[in-house]
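The entry is shown below.

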Amino acid sequence: MNNPRDEAKRFMQRVRKRTAMPSSDRMVAETFTRLRYLPGSILPADVLVNFNEMLRRLYDETLVTLEDYEVLTYATGIPEEFVSTYPEDVAKGEKVAKKQGFAAGVTFLLTRWYPRLRRAFLSVGQGRMARGGKDFELQIEGLFKLASLSYEKQEKADHTDFMLPDAAFHTKNKTMAAVISVKRTLRERWAEVAEELFNLRTPNVFLFTADEDVTMGHVATICAKYNIHLVVWDAVKIKKFTATPMVLSYTEWASVRLPQLRQFWPKP
């Protein structure tokens, strides 16, 4: 007997082959282009001054880009795959429609396919969640490039995404280097991330997040226990953490904290 989850996985693989979803790299790059966040169109200094606003627009607009591609991939791809995979059901639906009308035929098919439809759209949602973290990381990296920041991308073994200006400088002078980890949400595994970052024994560790549901419980662990700076949207900082210095807004990080460290980095 077929496992419903395995069946759904194979089904969605066939759907995605009909119209391939672009990679996160391509999707984020398209968003940068659409917003005209391009070299020559904006000064590096202006990127840092407007870091929060630009990142927020990228975050929101990349989702719009994703939704556009989801329509191209799934709006016709899922129905077409149902029709080709379950022709017997379609034939029965047509018989119902001839006897009882079109609406009855559609109702028959939707009712019969409901468990499979639910799993199909659950897969769509899970795919969106899975790529969300990668998209957010690419948005941040793209702004680093526009701002002409020196950085080195890291392996994921210790949940470090970027070292600024690079790993070699961090080894020589941990007090002036910056370590950045990107976590789109703090719903999962944030305690493990915090522990691994703490083990780097670096004073300037910044956890970038897009999560708007940050709590004082997060702050107590991430900031107070592990001495990690949490970087959040400006609006979240103003609303919840004005009196919490270890929680930085993106504007604070880019306009205040970064220049304090950057003055000690080698000139590019």
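Contact here means heavy atoms within 4.5 Å. This is a predicted model, in which local features need pLDDT of at least 70, side-chain atom pairs count only at pLDDT 80 or more, and totals for chains, interfaces and linings use all residues. Residues are numbered from 1 along each chain as its sequence is written, and side-chain values use heavy atoms, with hydrogens and water left out.

## Asp-89

Asp-89 is found in helix H6 (residues 87-100); helices (H or I, at least four residues) and strands (E, at least two) are DSSP runs, numbered from the N terminus. Leaving aside neighbours within four places in sequence, Asp-89 is in contact with Phe-108, Leu-109, Arg-112, Trp-113 and Arg-116.

The relative accessible area of Asp-89 is 7%, which makes the residue buried (under 20%; exposed is over 50%, partly exposed in between, with a 1.4 Å probe and protein chains only). Its side chain makes a polar contact of 2.8 Å with the side chain of Trp-113. A polar contact is a pair of N or O atoms within 3.5 Å; within protein, one must be able to donate a hydrogen and the other to accept it, and residues adjacent in sequence count only if both atoms are side-chain atoms.

## Salt bridges

The structure holds 15 salt bridges, each a side-chain nitrogen of Lys or Arg within 4 Å of a carboxyl oxygen of Asp or Glu. One of them pairs Arg-116 with Glu-7 (3.1 Å, N to O). Because Arg-116 lies in helix H7 and Glu-7 in helix H1, this pair ties together parts that are 109 residues apart in sequence. Arg-116 is partly exposed at 27%, whereas Glu-7 is buried at 19%.

Glu-70 and Arg-128 form another salt bridge (2.5 Å, N to O). Glu-70 belongs to helix H4 (residues 51-75) and Arg-128 to helix H7, 58 residues apart. Glu-70 is buried, with a relative accessible area of 11%; Arg-128, at 30%, is partly exposed.

## Asp-211

Asp-211 sits in the loop between strand E4 (205-208) and helix H10 (216-225), and is buried, with a relative accessible area of 5%. Its side chain reaches the backbone nitrogen of Leu-186 at 2.8 Å. A polar atom of the Asp-211 side chain also lies 2.8 Å from the backbone nitrogen of Asp-213. Beyond neighbours within four places in sequence, Asp-211 is in contact with Arg-184, Thr-185, Leu-186 and Arg-187.
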